[in-house]
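Please read them with the structure open.

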Amino acid sequence: MSDRLGRPVADADEVRTQADHVRRHVLRTVARVGEGYLLQALGAVDIFAALYFSELRLDPEVPAHPDRDRCLLSTAHNSVALYVTLAARGHFPIEDLASYGRDGSAFEIISSEHVAGVEGTFGSLGQGLSVGVGLGLSARLRERAWRTYVILGDGEMQEGQTWEAAMAAAAFQLDNLCLIVDVNGMQVEGPTNDVLPMGEIAAKWRAFGWAVHEVDGHDVDGLLRALQAARETTGRPSAIIAATRPGHPISFLLGRMDHYAKLNAEQAEMALAELDGTAVLEVSS
Amino acid sequence: MSATVWATNTPTALKAYGTALVDLARERPEVVCIGADLTGPTETDLFRDSLPERFFNIGMAEANAVGVAAGMARAGEIPFVNTFSVFISRRAYDQIAMQVAYPRTNVKLVGFMPGLTTPGGVTHQAIEDVALMRALPNMTVVEPADANQISAAVRALADHRGPVYMRIKRGEVPVMASAAEQAFRIGRADVVREGGDAVIFACGLMVTLALAAADELAGQGHDVTVVNVSTLKPLDTGLIAEFARRTGRVVTAENHSIIGGLGSAVAEALMEAGASCRYARVGIRDTFAEGASAPYLFEKYGLSTQAIVDACRHVLDGA
């Protein structure tokens, strides 16, 4: 069973292709509902693509495989990008996402763990890293090689629990734990710097005893290098501080700070056209 | 005033929980022990010294401790999280709701020094932990009454797949008289004394006090039943309704607020069962307490044999 868990071999170009594919379906999926955590989702797509197509050892046929790598989406609000990525990785058909956000659908706007491949329920922010620490401790206790990845939003650093977990991960020297901080600079009320500035983010994680890698969250080569460096780090956990741009790369979405953004069919079509100039939006009612 | 929080002349035992947890963990390699800077006060120094590789002190960080436990449970461990009742319930409630109760992770939350058993004052007194834990879907809530019940409960918690909250006094705890009284099964209430005039539903430390109250009432010509309700959720509603109907006079006794705990749970069950009866609750009457010895506080806040006798007289005299 475990020989199906090899690390995916996609190179950076293939990751970029997958990221483009995911972006298109995120736009289509959100357009069907008309609104959503679209900007944060688009901003995180390159991180998801790097993880799911070049890093995580998963078997979509056996999503609960005991030796799989675990990836926890602590941000949870941008789950639409995770759903599309999981579909692209083979966890379920992309057509299943037609029900996204509708009453009765397992594909809730903020994910819970009803969907294959969604590891946990983290819409209450600041809780994901603690669970990641527990998974890391268990992997070590059981002498298993699987790794744990946690995607944290920069806003979640305002939750005290994040730092409780940061301290514990370093104290337990969890080198099988890799954190990706999606620094998109926004939270409900707008730019993080206007709500509660978090100062020197990389310095904070260094001070807590983590190996820190600062990358452009849209530079796939940089993300892959950082993930590899994290894998090769021993004796301490790794934090990849990934600077992302909400709405990337759609010109008329960049710079917006809408926590829950509207996206009508016309805008979605414009965005898709911007991505490749040929895409045709299929809007089902 | 007695110098203890159980009936005079009750035999006692030491560290029932800490001993039972080590015994369990020796048999079950998936049992892990998670603490939050209260190793000695939660009797888990025994675990730390016997099985150090499975002992994790997370520091003063209850929210993180619950998340860590949930992560370990997701990987197949059976984590026992040990701290004071007040800290696990008040400080980590959202984490328990989202990382333990909702996903049904196999985490056992053990809260020590419940109610007024701590001299630590209002900061350390969990008077509403049962109300909070009982309100969470998927959560089982137990409060064993004596050392043997605590030992049996440790095993029962591990055998029960899913979240459990257990509240227990640490250190010296009473030992009840008979094997029948000492038995413990999740979901089952136990009749520890039978009488036809009234019924006392008690839990935890209030059980020996209720038995002493029954002795005193017998001297006054009233035979009362005492039921040890060691599982607060799911409640043994069948047995509770049966004994309430039999006597029509009901008293509850708990080391907890009268709001949301045993008294509330029994009233809810009896109303839904259509069991009409006279009813009185013994417990902390919607007030905060203060720092003092447990016997003093039990006396002052009405968690006493006399308070149970008075409550019984109230439901008996009104008949």
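Predicted model: local features only at pLDDT ≥ 70, side-chain atom pairs only at ≥ 80, totals over all residues.

The points below go from the chain contact to the sheets, the helices, the domains and some backbone details.

1. Contact between the chains. Chain B puts 21 residues into the contact, and chain A puts 19. On the side of chain B that touches chain A, the elements giving two or more residues are helix 3 (62–74) and helix 5 (93–101) of chain B. Helix 3 of chain B gives the most, with nine residues. By class, this side of chain B has twelve nonpolar, six polar and three charged residues.

2. Helix 3 against helix 5. These two helices of chain B also meet each other. The axes of helix 3 and helix 5 of chain B come within 9 Å and cross at roughly 0°. The angle is under 35 degrees, so helix 3 and helix 5 of chain B count as roughly parallel. From helix 3 of chain B come B:Ala63, B:Val66, B:Gly67 and B:Ala70; they meet B:Gln95, B:Ile96, B:Gln99 and B:Val100 of helix 5 of chain B. The residues of this contact divide into five nonpolar and three polar, with no charged ones.

3. The sheet in chain A. Five strands of chain A form an open sheet in the order 2-3-4-8-7, and the pairing is parallel. Which strands stand at the edges? They are strand 2 (70–73) and strand 7 (211–216) of chain A; each has a single partner strand, so one side of each has no neighbour in the sheet. On average, neighbouring strands of this sheet are turned by 20° against each other, direction ignored.

4. Pairing and packing in chain A. Strand 3 (residues 148–153) and strand 4 (residues 177–183) of chain A run parallel and are joined by six bridges. There, A:Val150 stands opposite A:Leu179 of strand 4 of chain A. Helix 2 (residues 38–54) of chain A packs on the sheet and touches strand 2, strand 3, strand 4 and strand 8 (238–243) of chain A. The direction of helix 2 of chain A makes about 160° with that of strand 4 of chain A.

5. Strand 2 pairs with strand 3 of chain A over four bridges, in the parallel sense. A:Arg70 has A:Thr148 in strand 3 of chain A as its bridge partner.

6. Pairing and packing in chain B. Strand 10 (residues 198–202) and strand 13 (residues 249–257) of chain B run parallel, joined by four bridges. B:Ala202 stands opposite B:Ala253 in strand 13 of chain B.

7. Domains of chain B. The domain assignment gives domain 1 (12–174) and domain 2 (185–317) of chain B. Their C-alpha centres lie 25 Å apart. In the contact, 27 residues of domain 1 of chain B meet 32 residues of domain 2 of chain B. On the domain 1 side, helix 6 (129–134), strand 6 (140–142) and helix 7 (147–159) of chain B are the elements that give two or more residues. That side has 14 nonpolar, eight polar and five charged residues.

8. Cis peptides. A cis peptide bond joins A:His248 and A:Pro249, with omega about 0°. A:Pro249 is in the loop between strand 8 and strand 9 (261–262) of chain A. Another cis peptide bond joins B:Lys233 and B:Pro234, with omega about 0°. B:Pro234 is in the loop between strand 12 (231–233) and helix 10 of chain B.

9. Positive phi. B:Glu43 is not a glycine, yet its phi is near 65°. B:Glu43 is in the loop between strand 2 (31–35) and helix 2 (45–50) of chain B. B:Glu43 is buried, with 25 other C-beta atoms within 10 Å. B:Arg104 also has a positive phi, of about 55°. B:Arg104 is in the loop between helix 5 and strand 5 (108–112) of chain B, and counts as partly exposed with 14 C-beta neighbours inside 10 Å.

Terms used: Residues numbered from 1 in each chain as written. Chains lettered and ligands numbered in written order. Contact = placed C-beta atoms within 7 Å. Nonpolar A, V, L, I, M, F, W, Y, C, P; charged D, E, K, R; others polar. Pairing = 2+ DSSP bridges. Axes fitted to C-alpha atoms, helices over the stretch in contact; angles between N-to-C directions. Parallel < 35°, antiparallel > 145°, perpendicular 65-115°, else oblique. Domains from an automatic or database assignment. Buried ≥ 20, exposed ≤ 12 C-beta atoms within 10 Å, placed from the backbone.
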